[in-house]
Amino acid sequence: MAPNTALSSESLHDETQLWKDLSVDSWKNSVRNQDSVFYDLYNDTRRRIIDACHKHTYDVVVEVGCGTGEVIGFLEGTDTPRIGVDINLDFINHCKATYKDQGLEFHVADAMKLDEWWTSMGYDKKYKAPLMVCPNNTIMIMPEEIRDTVIDKMRVVAGIEGRIVITYWNGRMFAHGVMGYYRKNSDLCGTFDLTDEHVDWENKKIETRTSYKSEWPTSNDVCRWMASLHIDVEVVEPEMPDTPEIDHIAEVGMGVFLWLKGVSPENSSVGSARDYYDNKDSQTFYRTVWGENNTHVGRHDLVAQDPELANADRLTKIRKAQELQEECFMEVVKSHYGASKVRCMDMGCGYGGLLRNMAKNDMIWSAVGIDISGEMVDAATRLSKENPSLTFYRESYMNTSVTADGMDLCISTEAFLHVGPGNHEAVLREAWRVLRPGGRLIFTDLVGLPSAPPEAQVLYERIGLQSFQTVEGYFETAKKLGFGELAFEDHSENVSTHYGTVLEALEELWEKKDINIREESKDRMVDGLTKWRDLAPSCLQWGVISMRKLEQTEHSVLDETPSF
C-alpha cells in the first residue's frame, strides 16, 4: 500500500512528498477492487497473514505503509491485535474513521525510525512477537536509498520471536502491470507514455509525469538484494500454497513474497541459537554428521557394550547412540504412563525425530513440536508428513500457542541450555502452563557441575551465556512453580565421548571432501567440539530430569497486566 517513509526535512524526496500529499480516493480500492490485476494477490496476501497468525504466537500484526487500510483492515478470522502505520496523515485519519474493530489502531510514523517509534509507544514492552508486513510493492515505491534501512528496522522490531513479510510485484509480470494497472490508475500513479522516458522495460521500472516511481523485481532480483545485505534466503518452488518457516522468497502469480525472521538483540542467547541452527553450514553439519532425525547426545556407553558395533564407523556409532538414548528416554516415559497414549509437546524439537519415534512406538495420541529455527521446523514437517498426529510450529518454547492444561507430557532434549539460567523459570512456567494437573516434564539437558573450574567460562561463551543451569537450580525453580516428584538420572560420562566422536567424524568427512561447508565454519566447529570434549568431564553433567505438575503457587502464573 502507500509507503510509510520519511527523511529529514532537509532532504525530502519528491516521491516521498507525493505519497504524503496523495488523496484517499486516488488510492482506495486500487488493489482491492475485483477488476484489479492484483486482486488474487491481495487475497492471497491476506490469507497468508491470517494463516500465520493462526499457526504462531504472533501477538500483533504491524503493517508498514498501511495506506487506506485495505490489508490491515480486512484480516477476517484472526483476533490478533493490528497496528497500521503510514506517513500520510489523511490516510491514517481515513483508517481511523473507517475501521472500528477492537484491537485495530492506526498511527502516523516514519519507517526510517520505526524501532524508535515502537519503543516510544511502549510497544516493545507490550508485544514480544510482532508479524511485520509490508505488502503490495510498497517497499519498491520507497526511495531506493532508504529501502535497506526500512527492512532493517522492520526486522529489529520483529525481534527474536517475530517475522516480517514483504510482497513485491513480480517482475516477470511487469508488462501486464503497466497495461492492466498503471494505465487504469492515472489518478493514482500519474500519466505516462510507453517510451523509454517513462517505462524501462528491461529493468522493470516505471516513472510517471508526477514523479511516481516503482520497480518490479523478480525472485532472483530479491535474492541478490538480500545477499547484498548479508541475508541468506532460499528461492522456493513457485506457486506454493503453503508458507515455509525458513527465510525464503516465493513467486506467486503477480507477486513475490519475501519472508524473513527478525533480528536478534545483542547478547541474546536465544537469538544466537536460532541463527546458528538456521545457518546453512550448521544444517549441513547436523544432517551429515548427526543425521536428519536427531541432534542430541547419545548413549555411547551402551554402544561400547555391544560387540557388534565395535568395528562400526563413527557416523554409525553416533546415530546408534542417539537411537539407544531415545529408547532409554521412552522407557522413562513409559514408567510413568504405561501403555497409555499421551498428548505431548516437544520443547525445542529439532528435526522431530523423538516425536516420530514415540509415535512409531504407539505412545502418541497427538503431539506438537516447537522450535525457534525455521529450518528445523520445515524439516520436521517434511519428515513427519506421513504422521497426521504430529504438528510443528516455529515458536519460542517460552511462549507457545498451545492451550493451557492441554498436554499430558512435555519433553525436550538439550534445548533448554540455549536460553540460559536466567530464562529457565520462564521455560518451566510455560511447561507448567500447558501441562494438565499431574502432567510431567521430562527432558535431558547439559548442565553445569557446581564444582566446575573457571575454564567452564569458555563453554558458556560458545553459546552466548554467562553460566549454565545446574540440576539443583532446575529443582529449586521447579519447586517454586509447583512441580514435585523431582528426579535426575545421571549419564554424564557420555558427553565427552559423544562430542569427541562427532569431532573425529567431522574431520574425517572434511579430509575426504564428503561434507560441503565453508572452511571457516569447519574450523569453528572443530574448535567448539574440541572444547566440549575436553572440558565436559570437569564442567558438565548430562542426563534425564523429570518433574510432575502438582499445584499452583504464587509464581506459577505471571500477572499479565501490561507494564505501562
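Student: Why is Met179 called partly exposed in this predicted model?

Tutor: The relative accessible area of Met179 is 43%. Buried means under 20% and exposed means over 50%, so Met179, at 43%, counts as partly exposed. Met179 is placed in helix α9, residues 174-182.

Student: What makes Met179 part of a surface patch?

Tutor: Patch residues need over 30% relative accessible area, and Met179 has 43%. Together with Leu194 and Trp201, Met179 forms a nonpolar patch with about 280 Å² of accessible area.

Student: Why is Glu144 called exposed?

Tutor: The relative accessibility of Glu144 is 54%. The cut-off for exposed is over 50%, therefore Glu144 counts as exposed. Buried residues of α8 include Ile146, Val150, Ile151 and Met154.

Student: How do you know that the span of α8 is close to the expected one?

Tutor: From first C-alpha to last, the 15 residues of α8 reach 22 Å, and 21 Å is expected at 1.5 Å a residue. After α8 comes Gly159, with a positive phi near 65°.

Student: Why are Asn136 and Asn137 called buried?

Tutor: Buried means under 20% relative accessible area. Asn136 has 1% and Asn137 has 0%, so both names fall under that cut-off. Asn136 and Asn137 are in the loop between β4 and α7.

Student: What makes the phi values of Asn136 and Asn137 worth a note?

Tutor: Most residues other than glycine have a negative phi. Phi is positive at Asn136, about 60°, and at Asn137, near 65°.

Technical notes:
Residues numbered from 1 in each chain as written. Predicted model: local features only at pLDDT ≥ 70, side-chain atom pairs only at ≥ 80, totals over all residues. Heavy atoms only, no water. Patch = residues over 30% accessible without salt bridge, like charges linked within 9 Å, V, L, I, M, F, W, Y side chains within 5 Å. Areas by Shrake-Rupley, 256 points an atom, 1.4 Å probe, with all protein chains shown as cover. Salt bridge = Lys/Arg side-chain N within 4 Å of Asp/Glu carboxyl O. Helix = DSSP H or I, 4+ residues; strand = E, 2+ residues; numbered from the N terminus. Buried < 20%, exposed > 50% of the residue type's maximum accessible area, 1.4 Å probe, protein only. Expected span 1.5 Å × (residues − 1).
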